[in-house]
Amino acid sequence: MACTTILIGKAASFDGSTIIARNEDSPGGQFEPKKMHVVSPEEQPRTYTATASHVTIELPDNPMRYMSVPDALPGHGIWAAAGINEANVAMTATETITSNERVLGADPLVELRPARGREGEEGFEPEVPGGIGEEDMVTLVLPYIRSAREGVQRLGELLERYGTYEMNGIAFSDVDEIWWLETVGGHHWIARRVPDDAYVTMPNQLGIDSFDLADAEGAHKEHMASADLRSWMAANHLDLTLSSSSVGFAAKASSASQVTDVFNPRDAFGSHSDSDHVYNTPRAWYMQRCLNPSDRWDGPAATLRPESDNIPWCRVPERKLTIEDVKYVLSAHYQGTPYDPYGKLGTDATRGLYRPIGINRNGQLAVLQIRPDKPESCRGVQWMAFGSNVFNALVPFYTNVDEAPAYLENTTERVTSESFYWANRLIAALADARFRENSAHIERYAEKVGALGHQMLRETDAAIADLEAEAAPYLLKDANERMAKDLKRETEKLLSNVLFTTSLSMKNAFAMSDN
């Protein structure tokens with residue numbers, strides 16, 4: 001599924017939080033309505049069967065409560081997407097990533113094989129389930145982990161046992177660490193700890209560009225991997241490292257059949273296709289252009305361009321990054337460049353040349369913030385936006401609660417402005433048609449809702465500090481409900497404004513008044 005991810009280490013964020021965030025985008029040609037939902041231990045299955053792959057997995061009997069953003073319509077799986085559990089561990093899954101023929105030939109994806117023939121008749125072949133995928137991962141992992149490292153370990157074990165039918169990237173965070181895991185073929189995986197002072201950009205492409213295999217096999221200080229990664233890579237000649245002098249690595253290989261201790265997974269496991277240069281790399285280029293603006297991004301002297309294959313996986317920003325920075329880059333449509341489909345720069349050929357981050361198919365954005373300076377009762381905050389990010393706002397909700405506000409959970413197949421999801425879809429469709437005239441309405445809405453969100457957090461955090469711990473859940477639930485009420489009021493105002501503004505350009509508009 002098409003998505004865009006950003007991860008921000010605690011020393012790079014504005015308040016010392018770890019922040020992981022991802023746009024979940026619908027596949028081409030459809031919307032996939034989303035909702036916000038708290039999964040209780042009683043609701044969590046003990047035997048899980050995937051809709052897509054039919055794999056059945058027995059689950060532990062001690063799940064924790066967790067927030068999720070599942071598909072709203074039943075019939076093709078849960079797709080829980082993102083959330084924070086009651087131990088204040090966050091997970092977002094997944095970012096669909098790329099691979100290459102060498103990897104997929106060495107460790108094929110584990111795909112569902114339907115039954116052939118009729119049972120009891122000659123030649124009958126029973127169904128063979130596939131592996132796990134995006135539909136399943138949050139449900140299988142998040143309720144059972146108490147740290148980001150545990151998330152990597154649990155998902156890694158599941159991948160090695162059951163395999164996967166797709167290439168994906170998955171983020172885990174707790175109050176101290178962020179880990180990023182990438183699947184490699186059907187059963188292999190790598191994971192790297194995000195540096196505390198850095199951010200990571202991930203645009204549907206295998207991203208890790210440096211990996212210490214010795215650390216993954218030993219101390220696990222900053223790297224983890226499937227146990228046989230080195231021997232598997234060697235047997236299939238997957239390490240493309242030339243020498244320490246040519247790639248800047250300190251490690252050396254004594255023969256072509258061996259694997260260097262430090263290698264580039266993007267070269268070994270990823271892709272550099274022509275479609276990447278249209279669909280993927282430009283998104284990383286623009287996010288880093290926003291967060292490190294002093295670098296040379298444009299013109300003949302540009303160090304990195306939209307189609308560069310060597311855009312770093314992680315880098316240190318020029319200043320500490322905020323929730324608003326996350327929203328801006330995950331809503332981006334190449335503002336200020338010739339590639340902006342709404343802009344005046346460039347030409348008809350350049351505008352719309354690259355796939356935007358803020359696209360019509362954005363379904364939900366979950367920004368998962370774990371705050372170190374708050375009590376455990378209110379440490380986790382899940383900022384949510386639904387619909388196309390160019391036209392919506394990001395709103396905070398505490399995760400240590402038993403239920404989500406109805407305005408965010410009541411998504412159904414019926415299109416109605418009483419649902420936050422559908423209200424944003426309506427706003428986007430109306431505002432896009434007259435973008436310049438409506439952009440001021442959108443900006444004022446985002447600023448007003450964002451300010452209300454920060455105010456709600458500040459006031460509620462202060463109130464919790466004066467309460468007994470057992471009273472906190474009631475206060476958090478009340479704060480979430482008040483936030484949802486304010487959000488609904490402001491969203492309805494925005495809908496009214498863009499409806500009127502866009503209606504002024506209707507073909508049957510006539511200037512002469514009746515009075």
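Reader: Which residues of H9 are buried?

Author: In this predicted model, they are Thr281, Pro282, Arg283, Ala284, Trp285, Tyr286, Met287, Gln288, Arg289 and Leu291. That makes 10 of the 11 residues of helix H9 (residues 281-291), so the helix is largely enclosed by the rest of the structure.

Reader: How many bridges do E17 and E18 pair over?

Author: They pair over 7 bridges, in the antiparallel sense. Val367, for instance, has Trp383 in E18 as its bridge partner.

Reader: Switching to charges. How many salt bridges does the structure hold?

Author: There are 29. One of them is between Arg65 and Asp402, with the closest N and O atoms 3.6 Å apart. That pair links distant parts of the chain, 337 residues apart: Arg65 is in the loop between strand E5 (56-58) and strand E6 (66-68), and Asp402 is in the loop between strand E19 (395-398) and helix H11 (406-409).

Reader: Is Arg65 buried or exposed?

Author: Arg65 counts as buried because its relative accessibility is 13%, with the cut-off for buried being under 20%. Asp402 has 62% relative accessibility, so Asp402 counts as exposed.

Reader: What about Asp461, which residue does its side chain meet?

Author: Arg371, in a salt bridge at 2.7 Å, N to O. Here too distant parts of the chain are linked: Asp461 belongs to helix H13 (residues 435-465), while Arg371 sits in the loop between strand E17 (362-370) and strand E18 (380-386), 90 residues apart. Both Asp461 and Arg371 are buried.

Reader: And Lys488 with Glu492, where do they lie?

Author: Both are in helix H14 (residues 472-503), 4 residues apart, about one turn of the helix. Lys488 is partly exposed at a relative accessible area of 21%, and Glu492 is partly exposed at 34%. There's also a network: salt bridges that share partners join Lys448, Asp486, Arg489, Glu490 and Lys493.

Reader: Now rings. How many aromatic pairs does the structure hold?

Author: The structure has 16. In the case of Tyr334 and Tyr339, the ring centres are 6.4 Å apart and the planes are at 85°, so this pair is edge-to-face. Tyr334 is buried at 1% relative accessible area, and Tyr339 counts as buried at 18%. Tyr421 and Trp422 are edge-to-face as well, 4.9 Å centre to centre with 85° between the planes.

Reader: Which residues form one aromatic cluster?

Author: Trp285, Tyr286, Tyr334, Tyr339 and Tyr354. Trp285 and Tyr286 are among the buried residues of H9.

Reader: Last one: what lies over the face of Phe31?

Author: Arg425 does, at 3.6 Å from the ring centre.

Technical notes
Residues numbered from 1 in each chain as written. Predicted model: local features only at pLDDT ≥ 70, side-chain atom pairs only at ≥ 80, totals over all residues. Heavy atoms only, no water. Salt bridge = Lys/Arg side-chain N within 4 Å of Asp/Glu carboxyl O. Helix = DSSP H or I, 4+ residues; strand = E, 2+ residues; numbered from the N terminus. Buried < 20%, exposed > 50% of the residue type's maximum accessible area, 1.4 Å probe, protein only. Pairing = 2+ DSSP bridges. Phe/Tyr/Trp six-rings, centres within 6.5 Å; stacked < 30°, edge-to-face > 60°. Lys NZ or Arg CZ within 6 Å of the ring centre and 35° of its normal.
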